[in-house]
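Student: I have a model open and would like to learn how to read it. Could you take me through a few features, one at a time?

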Amino acid sequence: MRGKLVAGNWKSNGDLVANRRLLEQIKASVSSMPGVEAAVCVPYPYLAQAQQILGDSSVALGGQDVSQFGLGAYTGAVTSTMLADFGCKYAIVGHSERRSIFGDLDEVVAAKFEAARKAGLVPILCLGESLQERETEITESVVGRQLDAVIAASGVASLSRAVVAYEPVWAIGTGKTASPAQAQAVHAFIRNKVARLDAEVASGLKILYGGSVKAGNAVELFGQPDIDGGLIGGASLVADEFIAICRAAVARA
Ligand code: 13P
């Protein structure tokens, strides 16, 4: 049993007051969910606050990105060891906003994945196609290429302690969710691709879906055989929504 993971990606949102309210509500409602882990990936400056509020609760903490480099002269970069120092379990790498706005190429994403892994973090590797790529029917080659870059750099065994998130770019923040069947098809493609290299790693790999997940569509999405939870953007900023999404995962765990 892979279990389910529901991870909030707060992106560049939050302040000390709003975070406290949100984190306290999440902590109070989502501890002890059988078969489901909840996580929040908060902006770097709030990691200390989140670590302190979540304390020893079962809610895990993550960074939204990580430097591909170690300690040193890399102004503005946050290393994987720093994330680990603040209690992070996860680090998102290759989010489409990092790829498209900040220019993170496949090789950079692979280096970030490796840096996170080396520090003992669990990378959440985001993969996904743009609308144009879907319309020209190259979804599988795009997602496959993004995944191959990581496998080439870190080996397929590295996926035994990693999470993959399929996030179609056209579904992020648009209110346009991939249908459960559309998402399932790509999730199955990812799992089969990994299975050709290592069946055991593939069967244990959590593959999350991300892109306009809400309480109203989570049960159906999480009911698909290869969807192991969600990476949640906008809805993770609203306590009731995020908690309801976690409960949807419990229903499908
Ligand atoms: P939304 O849930 O806001 O569409 O964002 C998804 C996402 O990008 C999570 O990483």
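Student: At what angle do helix α1 and α11 pack, and how far apart are their axes?

Tutor: A word on the source: this is a predicted model, where local features need pLDDT of at least 70, side-chain atom pairs count only at pLDDT 80 or more, and totals for chains, interfaces and linings use all residues. Residues are numbered from 1 along each chain as its sequence is written, and side-chain values use heavy atoms, with hydrogens and water left out. Helices (H or I, at least four residues) and strands (E, at least two) are DSSP runs, numbered from the N terminus. Axes are lines fitted to C-alpha atoms, for helices over the stretch in contact, and angles run from 0 to 180 degrees between N-to-C directions. Here, α1 (residues 16–30) packs against α11 at about 25 degrees, with the axes 9 Å apart. Angles under 35 degrees count as roughly parallel, so α1 is roughly parallel to α11.

Student: Which residues of α1 and α11 make the contact?

Tutor: Contact means heavy atoms within 4.5 Å. From α1 come Leu22, Gln25, Ile26, Ser29 and Val30, and from α11 come Ala239, Asp240, Phe242, Ile243, Cys246 and Arg247.

Student: How does α10 lie relative to α11?

Tutor: The axes of α10 and α11 (residues 239–252) come within 9 Å and cross at roughly 20 degrees. These two helices are therefore roughly parallel as well. Their contact involves Ala215, Ala218, Val219, Glu220 and Phe222 of α10, together with Glu241, Ala244, Ile245, Ala248, Ala249 and Arg252 of α11.

Student: Now for single residues. Is Ser236 buried or exposed?

Tutor: Buried means under 20% relative accessible area, exposed over 50%, and partly exposed in between (1.4 Å probe, protein chains only). Ser236 has 0% relative accessibility, so this residue counts as buried. Look for Ser236 in the loop between β8 and α11. Not counting residues up to four places away in sequence, Ser236 touches Gly8, Asn9, Trp10, Leu22 and Phe242.

Student: Where is Asp228, and what surrounds it?

Tutor: Asp228 sits in the loop between α10 (215–222) and β8 (229–232). With a relative accessible area of 3%, Asp228 is buried. Leaving aside neighbours within four places in sequence, Asp228 has contacts that include Arg2, Lys4, Arg191 and Ile207. A polar atom of the Asp228 side chain lies 2.8 Å from the backbone nitrogen of Ile207.

Conventions. Polar contact = N/O pair within 3.5 Å; in protein donor to acceptor, adjacent residues only side chain to side chain. Parallel < 35°, antiparallel > 145°, perpendicular 65-115°, else oblique.
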